[in-house]
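Thank you all for coming; I would like to take a few minutes to go through one model with you. Please have a look at it first, and then I will comment on it.

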Amino acid sequence: MSAELETEPTFVDKFPQEAKVVRAAFLGSFLALTLGAAFGIVQTLHRTDILRGLISSGEYYTVLTAHGVFLVISFTIFFLVGLFTWAVVRSLDRPVVDIRITWTWYLLMSAGITMTGIAILAGFTDRLDMSADVLFTFYAPLQAHPLFYAGLVVFIIGTWLAGADWFRTWLAWREENPNERIPLQTFMVLTTMIMWYIATSAIAASVLVFLLPWSLGLIEQINPTLTRTLFWFFGHPVVYFWLMPAYLLWYTVLPKIAGGRLFSDPLARVVFVLFLLLSTPVGIHHQYLDPGIAEGFKFISMTNTMFLLLPSLLTAFTVVASVEYGARQRGGTGLFGWLTSLPWRDPAFTGMMLAGLMFAAGGFSGMVNAGLNINYMIHNTMWVPGHFHLTVGTAVALTFMAGTYWIWPQISNKPIYSKAIGLFQVVLWFIGMALMSNAMHAQGLLGVPRRTAEPEYSGFDYPIGFGGVEELNVQIAIGGTLLFVSTILFIGNVVLTMGNPKVSGLAEPLPPALSGPEDAPKVLDNLRLWVGIAIVLVVLAYALPLAAIIDNGGLFGPGVGTYPQWIGAPLVAFADAVAPIAGAIADAATPVSGVIR
Amino acid sequence: MHIHAYEKLWLALSIVLILLLIGSVTYGAVGPGIAMVSDSGGQIDATALDEDDRFADPRVEQVGENSYEVYVVAFQYGFDPGTIDPIVVPENSEVTFYITSPDVIHGFEVVGTNANTMVVPGEVAEITVEANEPREYGIVCNEYCGAGHHDMEGTMEVVTEEEYAELTEGGEDA
């Protein structure tokens, strides 16, 4: 017993209730990862024409919707809420104000994603008159079952409550510590959540005002350009919502694993403030090829997007510098010789480093996407999924897996079952993704479209590029298979870890930064100021485009149909009663947008 | 705030890179005059395309000595013209496409080129391209549009001026 008393307590020793929520959130995340990976392998083999028997080409889109939604909504965001709860409680060194609230948002998120998941998976059976084959982007006039939209709303409300929980905990801490700087990890969580509130306001409006009532038959039409624009208002910042937990790990955990400490606390704060300000007023860069949006608005969005490179470039410097510092602390020398002094056998370290390396590659292909004119070459081709499998599919996913190897023992007091399997698994992910993503980029340059069950066509052949399309298909299939195996190894390792007996001495405290918060200007912690500027930038970027879209097409649509339609019989009668009201609202809105213009 | 000298250098280089990227796009627009898909095509009633003289009879139309306009309807699941009959234009011509959809959002991509646009119901997409050498191109829908999305394809043929003259001999609207 005396030995145990001497060791530093782990997170679960100090905050057992919060640790339970963190574990529950991670397990929710890993369940989604398993489902997403299973759909991923089916889809890869179907699309590349290696194995087409498992699903029909029509069902491919159900698989694709499930792959997208389970991975980029549930896998990423459940991991985020777990990690952020850990980060807030750890860095403030106090429990959440009320653990019942914490469980409430966890249950809301779980209920929401279950509703959405049921709507999607029902597409596989004819017994249920339900489907949601609309992909992650759910562009109207393609319509999903109302349960799909309702689930998304419940899920997002859950995340809002989670943010409120962390803000409340921070305010409680602030009362006890009136003069202290906001601890770095909490600062990262709060700025990310402010960004999330701004971003989700648009998707909540889109779903609640347009898509959900429309799927219920309460309104007959929507404006496809408007709902699409509201989606991308949310759709770009959401990628930073996936990325910020990875950044949190790179800034605060990776330097420690490398044997050192963070290079600069103030610059980390600057980076997160830049993401808060710049993540949202750029969404129109996903709509460079949209008719119905003027070129000038696209140009403004392009400029903002390019400046969004800045915080990531700064991060590259700080992370590499912190790792080099760690290597030199461990005795590394030379211009590059220090690289050999790093803990490459640690899956947490190697996983995060490989994730960072792939993020750099993803950054370069992202510059092409952001280039208003060269984007025409690759828009909606395989280049685009090639790009985001490097960013969300590796920078984020691999960092989460690597982070799990470091954090799980501290939230459960159970050591990782096998670090060797962990190391093999993260390297396998890197190799699989290198193959798959490279071939996807190459296919994109040949003009092979994304999001299609059968990318081969009867009427023409693709031009020959660096390799034939079939050869690239084989690379994609091999890469996808390696990624699937890597996921299974990860999940297996976590499950076996859960069966390990509890031990003590697993705590790994995080050292303060070399240049600490005392060096950071006080203004950085002025969250009200940053909220204000962020909102002004969003209004500048979006007020005129949205007014023009509404002015051109009307708030409730320029007259388009619905594909397929999900109106139940009793709802039709109700809709007939409500339609005049909706019409009146639309009529009233038209002069308003005219005035704005 | 203390910033390391190397970090200042890195920051400066990063800003230069960003300005170069913005500069290259600006140059592309102002110099070679690369026009982007814009709101220039205007709006249209997606439920009444047959009442619009451009899309009631989708076609290729000569509007100048070397300039042609092509009106295309992208629908679930095909292009008219494009799928049943190819879009045929002569070499060395300037071709402006006007594309719209009566149902859901589609894509219009001439494979392997930068002729690429979204097709949104209620909007008319306008893109202008140069057709130089005689060649056959594939056209695909690159936005998911429903269960038959992968069957939505077409072709575009750039033919020699002689061939084009032969093809249109029977009448300008052939």
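I will speak about chain B, then the interface, and then some details of chain A.

Before that, a word on conventions: this is a predicted model, in which local features need pLDDT of at least 70 and side-chain atom pairs count only at pLDDT 80 or more, while totals for chains, interfaces and linings use all residues. Residues are numbered from 1 along each chain as its sequence is written, and chains are lettered from A and ligands numbered from 1 in the order in which they are written.

Chain B contains two helices and ten strands, where helices (H or I, at least four residues) and strands (E, at least two) are DSSP runs, numbered from the N terminus. Read from the N terminus, the order of its elements is α-β-β-β-β-β-β-β-β-β-β-α. The C-alpha trace of chain B spans about 75 × 40 × 30 Å along its principal axes. Of its 174 residues, 41% count as buried, meaning that 20 or more other C-beta atoms, placed from the backbone, lie within 10 Å of the residue's own, whereas exposed stands for 12 or fewer and partly exposed for what lies in between.

Turning to the interface, 61 residues of chain A are in contact with 53 residues of chain B, a contact being two residues whose C-beta atoms, placed from the backbone, lie within 7 Å. On the chain A side, the elements that give two or more residues include α8 (224-235), α13 (309-329) and α19 (527-553), but α12(A) gives the most, with six residues.

Within chain A, let me turn to one pair of helices. Helix α4 (residues 60-92) and helix α7 (residues 184-215) of chain A pack at an angle of about 140°, with their axes 8 Å apart; axes are lines fitted to C-alpha atoms, for helices over the stretch in contact, and angles run from 0 to 180 degrees between N-to-C directions. That angle makes α4(A) oblique to α7(A), since angles under 35 degrees count as roughly parallel, over 145 as roughly antiparallel, 65 to 115 as roughly perpendicular and the rest as oblique. Among the residues making this contact are A:Phe84 and A:Val88 of α4(A), and A:Leu184 and A:Val189 of α7(A).

Finally, A:Lys419 belongs to helix α17 (residues 419-446) of chain A. Is A:Lys419 buried or partly exposed? With 15 other C-beta atoms within 10 Å, A:Lys419 is partly exposed. Its C-alpha atom is separated by 7.9 Å from that of A:Tyr405, 14 residues apart along the chain.
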